[in-house]
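Hello,

Here is the structure for you to look through. My notes on it follow below.

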Amino acid sequence: MKIQFVRVSLAGMLAFCVILPIGLKAQTKQTYNSLEDAVRSAGSLYGNAGPQSINWTNGGNKYSYIENDEIRSMDPQTLKDEFIFSNKGFTFPGSTKPFNYESFQWSHDSKHLVFKTNFRPIYRRSGVADYYVYDLESKHLEQAAKNARTAALSPDGKKVGMERDGNMFVYDFAAAKEKQLTTDKTSENGTFNGHYDWVYEEEFGQAQAWNWSPDSRYMAFWQFNERAVPDFQMTNFEGMHPEQVHISIPLVGDANPSVKIGVIDVASGKKVWLTPDETGDFYIPRIYWTSNPDVLALMTLNRAQNHMKLYFFNVKTGEHHVVLDEKNNTWVAIFNFYTNVNDMVYFPEKSKEFFWVSDRSGYYHIYRYSYDGKLINQVTKGNWDMIKVTGIDAEAKKIYYLSAESGGLFQEPYSINFDGSGETKLFTVGGYHEVNMSPNTKYFLDTYSNLTTPTQVTLSDNKGKVLKMLVDNHEVSDYLKTHEYSPEVPFKFNASDGTPLDGFYIKPYNFDPNKKYPLVLLVYGGPESHEIFDQFGADTWAQWLAQNGYMVANVNNRGSANYGSAFMKSVYKQLGKLESSDFVYLARYLAKNMSVDSTKMAIMGTSYGGYSTTYTLLTHPGVFKVGIANSPVTDWRLYDDVYTERYMAPLKENKAGYIKSADMTYAANLKDHLLLIHSMSDDNVHPANTMQLLTALTNAGKDVDLRIYPPGAHGAAYNWQSYILIENVSFQYLERYLKGNYDLPNLNEAK
């Protein structure tokens, strides 16, 4: 259910594919020639994103990056930049085929590069690939793993661990020999080791289901048994006898895979199973190696995901005990996809303390614990959310983090001492910051922008001193001088219960306050997501709409992150209700205060945004004249159990809530124009959602428009042509039903 940035991500792929309108008179700012021109010009607003494929090396004293197909290295202390590797002239060992790669990682000793090549995707984050290791000193390239789902060098650089076809292996460089460590894989719908099933990968946010121990002695891995999980089938209807794709995916109320954690002594091959004290249906979403080389931290969640336990296991004996036990009336978060937070617990090296991020105070803050499970102190405090820990310096006893202390529209870097003293804001320019910090916390790269400042990238020390401006994107500023651009304008309004909400609007081109304009809400709305920041607006779809006479708007609706837990978790057990109300109040506010024609308003979105669209039309009929829903959930009983039960509770505990949150319950209410878009190959929001809604609408005598793109995945688009077609179809739908413009180009004749 995580695709709220569909337009941004697709546009970002075109960051350097720019077509500029020509032939305009001097002094007149240029506008887009077409919707395709708008999308292709995305790079002119996004600008340079800064160094790519950042990897910190030498303990954090340097970082590598890719530029012009070269791997280069930067020393923050001296600002010396040096060449590391280029694949030019290299061939795959034993062949004449030119060597190329999709990504790379460094060994812990910074003496080797591990390249991932020949990648074949499976799910959102995973795929099968071949792996090669390059020795920087000898300049020797050799294959270390073939057809592996994941592979990683041991911290000592002497071995490569890997998972292949559901079993674990290790390759020893000195012996030039591969060793198989597990042999009990049966099938992908049976027992397998070292990779996640569909629902764990999708909803717990990781691709590699195993980890090396810091001392290179052990490999800890997940084992799955999928036998009880129902089979999901889909096809794109290609060929005479279409292939049926089979995936084990548990929906709400279904049986989950059984999961356990094994630890292998790589030298001896001895295996120990770590068995927590949980019974019944529970999850193991995370494991962490502690600073004790023989102790692994194992996290469990009950099925309702409102009770988390953190165990310490001795990997030699299996002895264990609970060091942290956290319960919540709603859900316990262990990561957040939307704010790029992979972990809520941290185990710094060379320390017998760990840190847990909890919202027990009503806001997310950092709590400090000793290894015996005793709370030492709360580190951050206040009526604001700590968003993400970016670095921990155990020697200086200092934590670095991103915070919404300035308000829900902001994400800014801070540091603080372990004991909660000495809080320091590390950057004076407000807005949205993403920080990539060195492991030793001496340096960080800061990528930031705000509503008036295009993306900037700096290299700074841990006190916030800028060592080098890496990207200032003056090209974007120059572009804005000659091209029409409508900035996002932030404002506040109140929800139905008086809760203050942050929204933004984009005025139409040549805005006239004496006119009334059609409105398009671009929404997502899912729990824990966050749509609006004090961040430079680079959505060319929104700009295209503005240049065609539309007001565009969005809101951080109730359920959004970074406004405290009461705000975010108000949607618990009642998805759709408060979000749809907030969209309606946003539209009515703009109609009353901002020259919007209340009879010409539309709402559109993808994935959860598609659900927000359909649910709002059906529960608030007549407010929006048009809805465009791409890949919508229409009944939460048709979505996977991990995501849904986190926010709706298990079905047996909330049957009435599931019925109230389903579109089909209100099918007879439809009175507005609705365009539904879906793919038959969507493994995330299954096409059954759209099909069952169509049946309910038909049974109620209601008509909608439908577009099916069979080969597409989640979001429906599967290539450039399909993406542009979906955008053009959506735009013409708005033109036809908001403006009454039926004299539209025939898309089949368009060049």
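This is a predicted model: local features need pLDDT of at least 70, side-chain atom pairs count only at pLDDT 80 or more; totals for chains, interfaces and linings use all residues.

From α8, the residues in contact are Lys 577, Glu 579, Ser 580, Phe 583 and Val 584. On the α9 side they are Tyr 608, Ser 612, Tyr 615, Thr 616 and Thr 619. Helix α8 covers residues 577-593, and helix α9 covers residues 608-619. Their axes come within 9 Å. The crossing angle is roughly 75 degrees. Angles of 65 to 115 degrees count as roughly perpendicular, so α8 and α9 are roughly perpendicular to each other.

Next, the aromatic rings. The whole structure holds 65 aromatic pairs. One of them joins Phe 92 and Phe 99. Those two rings are 5.1 Å apart, centre to centre, with 65 degrees between the planes. That pair is edge-to-face. Are Phe 92 and Phe 99 buried or exposed? Both Phe 92 and Phe 99 are buried.

Tyr 550 and Phe 731 make another pair. Their ring centres lie 6.4 Å apart. Their planes stand at 70 degrees, so this pair is edge-to-face too; the cut-off for that is over 60 degrees. The pair links distant parts of the chain, 181 residues apart. Tyr 550 sits in the loop between α6 (540-547) and β39 (551-555). Phe 731 belongs to helix α13, residues 720-738. Buried means under 20% relative accessible area. Tyr 550 has 0%, so Tyr 550 is buried. Phe 731 has 10% relative accessibility, so Phe 731 counts as buried.

Two lysines also lie over tryptophan rings. The charged end of Lys 260 sits over the ring of Trp 273, 4.1 Å from the ring centre. Lys 569 lies over the face of Trp 331. There the distance to the ring centre is 5.0 Å.

Last, a hairpin. Strand β9 (residues 150-153) runs antiparallel to strand β10 (residues 159-164). The two strands are joined by 4 bridges. Ala 152 in β9 stands opposite Gly 161 in β10. Between the strands there are 5 residues. Gly 157 takes a positive phi there, near 75 degrees.

Which way do the side chains of β9 point? Thr 150 and Ala 152 point one way, and Ala 151 and Leu 153 point the other way. In a regular strand, side chains alternate between the two faces of the sheet. Thr 150, Ala 151, Ala 152 and Leu 153 are all buried.

Best wishes

Notes
Residues are numbered from 1 along each chain as its sequence is written. Side-chain values use heavy atoms; hydrogens and water are left out. Rings of Phe, Tyr and Trp (its six-membered ring) pair if their centres lie within 6.5 Å; planes under 30 degrees apart count as stacked, over 60 as edge-to-face and the rest as tilted. Buried means under 20% relative accessible area, exposed over 50%, partly exposed in between (1.4 Å probe, protein chains only). A charge sits over a ring if NZ of Lys or CZ of Arg is within 6 Å of the ring centre and within 35 degrees of the ring normal. Two strands pair if DSSP finds at least two bridges between them. Axes are lines fitted to C-alpha atoms, for helices over the stretch in contact, and angles run from 0 to 180 degrees between N-to-C directions. Angles under 35 degrees count as roughly parallel, over 145 as roughly antiparallel, 65 to 115 as roughly perpendicular and the rest as oblique. Contact means heavy atoms within 4.5 Å.
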